[in-house]
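Biologist: I have not looked at this one before. Can you take me through it?
Modeller: Here it is.

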Amino acid sequence: MCRNIRVLHNFEPPTTDDEVREAALQFVRKVSGSTHPSRANTAAFDQAIDEIAHATRLLLDGLVTNAPPKSREAEALKGRARHEKRMEREVRIRTATA
């Protein structure tokens, strides 16, 4: 999965519409292979973002869980720890072949 797309379900405070739209934007960028569409493709790009954001909101609103809500700060710390491990692994790989 694209590392820029984050889990949005079961957070306190709840996921905002801006967060949902950002995830939709990242998804459309990934699928289209373009961060900025040409003028000819802007309408299709924007429509896809709107539709994906709407579908994502419907999904999030329909999901049910008994798990306690997650903290954005705790999830960010976990993400940073994963990033550090990934970077350490990259350094080991690169220095081992040098």
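Modeller: A term to start with: contact means heavy atoms within 4.5 Å. Helices (H or I, at least four residues) and strands (E, at least two) are DSSP runs, numbered from the N terminus. This is a predicted model, where local features need pLDDT of at least 70, side-chain atom pairs count only at pLDDT 80 or more, and totals for chains, interfaces and linings use all residues. Residues are numbered from 1 along each chain as its sequence is written, and side-chain values use heavy atoms, with hydrogens and water left out.

Biologist: How many helices and strands does the protein chain have?
Modeller: Three helices and zero strands. The order from the N terminus is α-α-α.

Biologist: Is it compact or spread out?
Modeller: The protein chain is more spread out than a compact globule, because its radius of gyration is 17 Å, well over the 13 Å that the globule rule gives for 98 residues. That radius is taken over C-alpha atoms, and the rule is 2.2 Å times the number of residues to the power 0.38. The C-alpha trace spans about 50 × 45 × 15 Å along its principal axes.

Biologist: What percentage of the residues count as buried?
Modeller: 17% of the 98 residues. Buried means under 20% relative accessible area, exposed over 50%, and partly exposed in between, with a 1.4 Å probe and protein chains only.

Biologist: Which residues of helix 2 are buried?
Modeller: F45, I49, A53, R57 and L60. They line one face of helix 2, because seen down its axis they fall within an arc of 105°, taken from the directions from the helix axis to the C-beta atoms. On the other side, A43, H54, L58 and G62 are exposed.

Biologist: And what covers the buried ones?
Modeller: The cover includes helix 1, residues 17-32.

Biologist: Which residues make up the largest nonpolar core?
Modeller: There are 10 in all: L8, V20, A23, A24, L25, V28, F45, I49, A53 and L60. A nonpolar core is a set of buried Ala, Val, Leu, Ile, Met, Phe, Trp, Tyr and Cys residues joined through side-chain atoms within 4.5 Å.

Biologist: What does V20 touch?
Modeller: Leaving out residues up to four places away in sequence, V20 touches L8, T15, A53, T56, R57 and L60.
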